[in-house]
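Here's a quick tour of the model you have open.

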Amino acid sequence: MSNEIALSVRDLKTYFYTNNRCNKALNGVSFDIKKGQTLCIVGESGCGKSVTASSIMQLLPKLSRIESGSISYFCEAGEVRLDQLPRDGRQIRNIRGAEIAMIFQDPMTALNPVYTVGFQIAESLQYHTDLSRRQIVAKSIDLLREMGIPNPEKRINEYPHQFSGGMRQRVMIAIAMSCQPKVLIADEPTTALDVTIQAQIFQLMDKLKSQQQTGIMLITHDMGVVAELADEVAVMYMGRIVEAGTVDDVLRRPSHPYTRALLNSIPVLGRGKQQRIKAIQGSTPDPYDRPKGCSFAPRCEYATPLCNEAQIERNISASHRIICRRYEEIV
Amino acid sequence: MNAEKSVLIEIKKLQLYFPVREGIFKKIVAHVKAVDGVDLQIYRGEVLGLVGESGCGKTTLGKAILQLIKPSAGAVEYHQQSQVVNLCQLNSQQMIKHRKNLQIVFQDPHSSLNPAFTIFGSLEDPLKLYGVKSKAERRKRVGDLLEAVNLRREYMDRYPHEFSGGQRQRIGIARALLVDPEFIVCDEAVSALDVSIQAQVLELLLDLRQQRNLTYLFITHDLSVTEYICDRIAVMYLGKIVELADAEDLYANTLHPYTQALLSAIPVADLDIKTQRIVLEGDVPSPIYPPSGCAFHPRCPKAIAKCAVEMPVLQQQGSGGTDHQVACHLIAVN
């Protein structure tokens, strides 16, 4: 069961159009989210992590377009092509929230300050289920209790400003989990939170994954989080997945120069002062003027003139794929 | 660190309370105890890390040392070669003289530079204040410093929006270095940056410390960075320091339950290092009404009856002659 695919993205290209210029935010991205597994997408800011999430949810801004590729969601009734649904049509609204739910990055702004927390949890239950009003209230209280919020009967009538950051994020998870979605997309769910609160949130997400077989796509920039939570990892750079595979593949045998540089640039707790961290030279290129071939080539220490030509994806093993011409020489 | 450590900054029983006002007469009903009785020595040439969760008073302590917020009580003694000055007793005019030696790098590189000024416009002010009269000289000094932080000299005529986050943070560091300080407070100086850029800035900070003999107070919430860069680490919880030790000692021999939980909560980017995670219940309590006794006792997995009644004090734990202080009843009992 655990290897069943819940959502599959193939060669997705999402472009943004502003000021007569085109930003190829996603330039051919493919991955699968499997039931009961966590896929972590790592990368620096601006690499297209969040655009991937909004493409799946059909929450892209107006000036952007899915150019090509497919997003297929596999529900009981069969395959649904999310990319072909109208952005605010009935069908996508039925899926969004109920089947595919999302936790946003910033719990301070994602909740509406003028409605009570209870109302905001009830909203999705009201829309997606046919429970009675009383059942919805009872269910909302249960959800808050499951998330570990003390005194939920009282807290349900309070407003977001009366909650702390960690509690707000738990409310967000309660909303996302209210209809027991098959796929959960978490866009940097703990970046704004302290580490002790982060640990609580991760514990919760792990529980959901094992109990309800939810497929989780976790977007993060923290390699520590990846090591902790992921079953599979995809490393993104400038709108492409440069390396993907299981956690063991990517963290123990990093093959792409970018992944290796990324792992070398962070201090790891427990390695003490002896560790040498090595910064990646330069900064990410202008998104409107991307390098022709491998987008990492200008910063890559192994780059050759060949790297400026079009790159193809290759498989190292059945689970481990990479976009790099020279990985064999590097490893 | 070598044996003869000389104190640069000594903080004595520093308190900083923000009044909470209510009602039409704005009567003071309570105080937010942001910094509540901190004793701390910062030695010359060291990097002292100050870690803790948000709202524990790290930034406030950093600003209070530099008198950017006036402390309510206590003393900050600045040991110069010949004399000792209590910064808390100076007025702002007198303080300007010392600001030359005590500088700060702010957290957010996007809001700490004035968008309407060029980089030179922002950076020349401290030089003017400290008597560099000729513009040519100021341009030279600014240009030299930009080069010292690995930026190009020509960048001084650009505006902040033309720079990336990492570049802006380096401009912030250059600004702090302009007047040749000996002590710099780095307030979350790398937290807003991407990991690859973060490493560049950390390297720069360490290099500059070597070249210019600087002392840093490195405020951060990221314990992996602290371990890498700091000589000593102070852990803060709710306005108090709960543990203070040499960096290696703190990680090898963690004593306070809060520090243990904090360390175990950090996700480690290494599949071979697996820690037993201690997940704390609940949130940090309100600093307006801190819990009785030890402020950590409601969340502490090891709390005993005494913890709720009596406040533990920071005590020396003499294991092998190292400087390891901790405020916990359990440690004192053992």
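Helix α4(A) passes α7(A) in a right-handed crossing. Keep in mind that this is a predicted model. Here, α4 covers residues 117-128 of chain A and α7 covers residues 165-177 of chain A, and the two pack with their axes 8 Å apart, at an angle of about 25 degrees. Angles under 35 degrees count as roughly parallel, so α4(A) is roughly parallel to α7(A).

Who does the touching? On the α4(A) side you'll find A:Val117, A:Gln120, A:Ile121 and A:Ser124, while α7(A) brings A:Val171, A:Ala174 and A:Ile175. Sorted by class, the residues of this contact are five nonpolar, two polar and no charged.

Now zoom out to the chain as a whole. Chain A has twelve helices and twelve strands. Its radius of gyration is 21 Å, close to the 20 Å the globule rule gives for 331 residues, so chain A is as compact as a globular protein of that length. Some other numbers for the chain:

| Property of chain A | Value |
|---|---|
| Span of the C-alpha trace along its principal axes | about 65 × 50 × 45 Å |
| Share of the 331 residues that count as buried | 45% |
| Share of contacts with a separation of 6 or more that join residues 24 or more positions apart | 64% |

Then there's the partner. Where the chains meet, chain B puts in 35 residues and chain A 39 residues. On the chain B side, the elements giving two or more residues are α6 (195-212), α7 (223-229), α8 (247-252) and α9 (257-264). The largest share, seven residues, comes from α6(B). By class, that side of chain B has 20 nonpolar, seven polar and eight charged residues.

Conventions. Residues are numbered from 1 along each chain as its sequence is written. Chains are lettered from A and ligands numbered from 1 in the order in which they are written. This is a predicted model: local features need pLDDT of at least 70, side-chain atom pairs count only at pLDDT 80 or more; totals for chains, interfaces and linings use all residues. Two residues are in contact if their C-beta atoms, placed from the backbone, lie within 7 Å. Helices (H or I, at least four residues) and strands (E, at least two) are DSSP runs, numbered from the N terminus. Ala, Val, Leu, Ile, Met, Phe, Trp, Tyr, Cys and Pro count as nonpolar, Asp, Glu, Lys and Arg as charged, and the others, Gly among them, as polar. Axes are lines fitted to C-alpha atoms, for helices over the stretch in contact, and angles run from 0 to 180 degrees between N-to-C directions. Angles under 35 degrees count as roughly parallel, over 145 as roughly antiparallel, 65 to 115 as roughly perpendicular and the rest as oblique. A crossing is left-handed if the near helix is turned anticlockwise from the far one by less than a right angle, and right-handed if clockwise. The radius of gyration is taken over C-alpha atoms; the globule rule is 2.2 Å times the number of residues to the power 0.38. A residue is buried if 20 or more other C-beta atoms lie within 10 Å of its own, exposed if 12 or fewer, and partly exposed in between; C-beta atoms are placed from the backbone.
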